[in-house]
Amino acid sequence: MEKIYIGVDVGSVSIKVVAIDENNEVLFNSYVRNVGQPIDTVKDELAKLHNELATKEIGGVGVTGSGRQLLGYILGADVIKNEITAHATATLQFHPDVSTIFEIGGQDSKLIIINDGTITDFAMNTVCAAGTGSFLDHQAQRLGIKIEEFGEIALTAKRDVRIAGRCTVFAESDMISKQQYGFSKAEILKGLSKALVRNYMNNLVRGRKLKPVFVFQGGVAANIAIKKAFEEEVGHEVIVPKHYDIMGAIGIAMLAKDEMKRTGNSTKFKGFEVSEEKFETTSFICKACPNECEIIQIKANGKVIAMTGDRCGRYSNSVI
Amino acid sequence: MKIGIPKALMYYFYYPFWKTLFESLGFEVVTSDDTSKSILDIGVKEAVAEICVPMKVYTGHVLNLLDKSVDYIYIPRFVSLRKGIFMCPKFMGLPDMIKGLFDGIENKILTHNIVSKSTDISEFHNYTVFIDKLGVSRKDLKNALKKARDKWLEFRTLNKQGYDINELLTSDKPKKYEGDITIGLIGYVYNVYDRFVNMDLLNVFRKLNIKVVTFDMMEERIIQRQLKKFKKNMFWEFTNMLLGTAYEFMERDDIDGIIHITAFGCGPDSIVEPFLTIDSEKHKKPFMTLRIDEQTGESHVITRVEAFTDLIRIKKYKAEKTVEGVI
């Protein structure tokens, strides 16, 4: 039976589930907003995957993204890895000659530099989320525009308007005053796109010399105005890959595949029954020491299967 | 008499000295508890708002010691550990900053200036204030300083042999940790060794099978040799040490990458950072900055360290493969 490999990317804003075959062809993909119930969302998406690909054998499972540890545990993942490595793995598959990857997600943005097919440098946003998808979401909402239409509308702008991009609070007050001056929504949106890219260059690129080929991925890559702003900034074409919004999930699925081939082990995947189990998350404050950690406890069908959040390992080590 | 020593800032560099000094003078030494959420919270609440997190943590430790009915809290004013080079101004103002916390705390503070020719802070003239305030004789003080110095040099010798400071301070049988890759960790002792503030970074490295080398493990003459290459040095003692160590790491083949751990808003580090960013690239050493502040979620630290080590391992294995291919 043909083997498939599942990749799950649990981001702060969205959850991506994919299945690839031996040749890295994407057989299943889904991209859904993370509405605060990541376990349920992943369960639902896995059930869909199972429906579509019921005849295939699961060769391995990989989990990435900020929620990777917990979900990896619940699913029985073979590989749990950070999203930087996952993203670069997928990009190198589809664009082997890539040198610069711009990745902008919901709450963080990354710059990955590739030399001869190897990651040689990366940067992530530090203290603030001004240059990320959440920032655009928030501003689009303020202007009463759907995030999906953001890019198209921005491209119709006839004039340039400068908006402060360093901080959401400043951007907002800047936007309000520019609107009062009579700039159109389109012009404001274009200004925001440029502000985001300027902020990205300032915070992440920080004077690095960037070389083509440029690839732009992550959820924000759907926004054509941002792509254009990047192109103007680097003075070169910027490629948005076909699977731009699920690259992390594809990458982690590929890493799972490599790992399984390397070790020859069979997958630890707990099976699709996992999607029928009832999960319940509770939390409590541990009073054993002055750290007062918030312990998160996950139950499957009433049985505690994972605990996390403790600094000392008192709880997280107690559940195997 | 009970002397309290806050487990923060220079504690990680001088505790063996201070402990021996006060115990030899016949006093009991009490330290504050390990940094915890409640110590951080109270420090953040009580300290000046604009200051860096290590200073806020220190404030938390001072307040923690007040609950332990100590007679004095020892807060020396580190001014200079080398002629013409000073400590960060926050260290110079530290006793005053603590005095400003609330009325009456002044009587609890034991302080004096430390102006020294080197990091060996045992020079007698710095401690004469003890004679009146603690009622000790000159002779006893001299003897105690000598004992403290011996103990500290012993600690530093082991430290320079590659034992990390937490091992030396917490274990009778300190261990050295190895790994398949080695990272040069650039950061002040209170950022590298405070497990709470840095999300137990050394343990994160250990789990990923990474060996760590820090500035405190370096011979000072090696650091000084590197610093001679600069037209002029930084104004701050430990900043210079970090800088010299980082340049040594850039040149060493056994260091696979360099990580700079810095507290958000650190002034001296903001001057070090561009040097490291630009020159590590020239030396083709992978380099990354980890910024710590009040946050307690550890996932951002783990993600960055993991990705950084992936990058190093891929590079290393690839290089080895090429070598194999040639053979």
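This is a predicted model: local features need pLDDT of at least 70, side-chain atom pairs count only at pLDDT 80 or more; totals for chains, interfaces and linings use all residues.

Me: Which residues of helix 13 of chain B are buried?
Reply: P268(B), D269(B), V272(B), E273(B), L276(B), D279(B) and S280(B), in a helix that covers residues 267-282. Buried means under 20% relative accessible area, exposed over 50%, partly exposed in between (1.4 Å probe, protein chains only).

Me: What follows helix 13 of chain B?
Reply: K284(B), with a positive phi near 55°.

Me: Switching to T309(B). Where is T309(B) placed?
Reply: In helix 14 of chain B, residues 299-326.

Me: Buried or exposed, T309(B)?
Reply: T309(B) counts as buried, because its relative accessibility is 1%.

Me: What is T309(B) in contact with?
Reply: I181(B), I183(B), L208(B) and I210(B), leaving aside neighbours within four places in sequence. Contact means heavy atoms within 4.5 Å.

Me: And pLDDT for chain B? What's the average?
Reply: The average is 93, and 96% of the residues score at least 70. Residues 322-327 of chain B fall below 50, and that stretch has zero contacts in the model beyond near neighbours in sequence. pLDDT is the predictor's confidence in each residue, from 0 to 100.

Me: What thresholds and conventions apply?
Reply: Local features need pLDDT of at least 70, side-chain atom pairs count only at pLDDT 80 or more, and totals for chains, interfaces and linings use all residues. Residues are numbered from 1 along each chain as its sequence is written, chains are lettered from A and ligands numbered from 1 in the order in which they are written, and side-chain values use heavy atoms, with hydrogens and water left out.

Me: How many helices and strands in chain B?
Reply: 14 helices and 10 strands. The radius of gyration of chain B is 21 Å, close to the 20 Å that the globule rule gives for 327 residues, so chain B is as compact as a globular protein of that length. That radius is taken over C-alpha atoms; the rule is 2.2 Å times the number of residues to the power 0.38.

Me: What about chain A?
Reply: Chain A has nine helices and 13 strands. Of its 320 residues, 51% count as buried.

Methods:
Helices (H or I, at least four residues) and strands (E, at least two) are DSSP runs, numbered from the N terminus.
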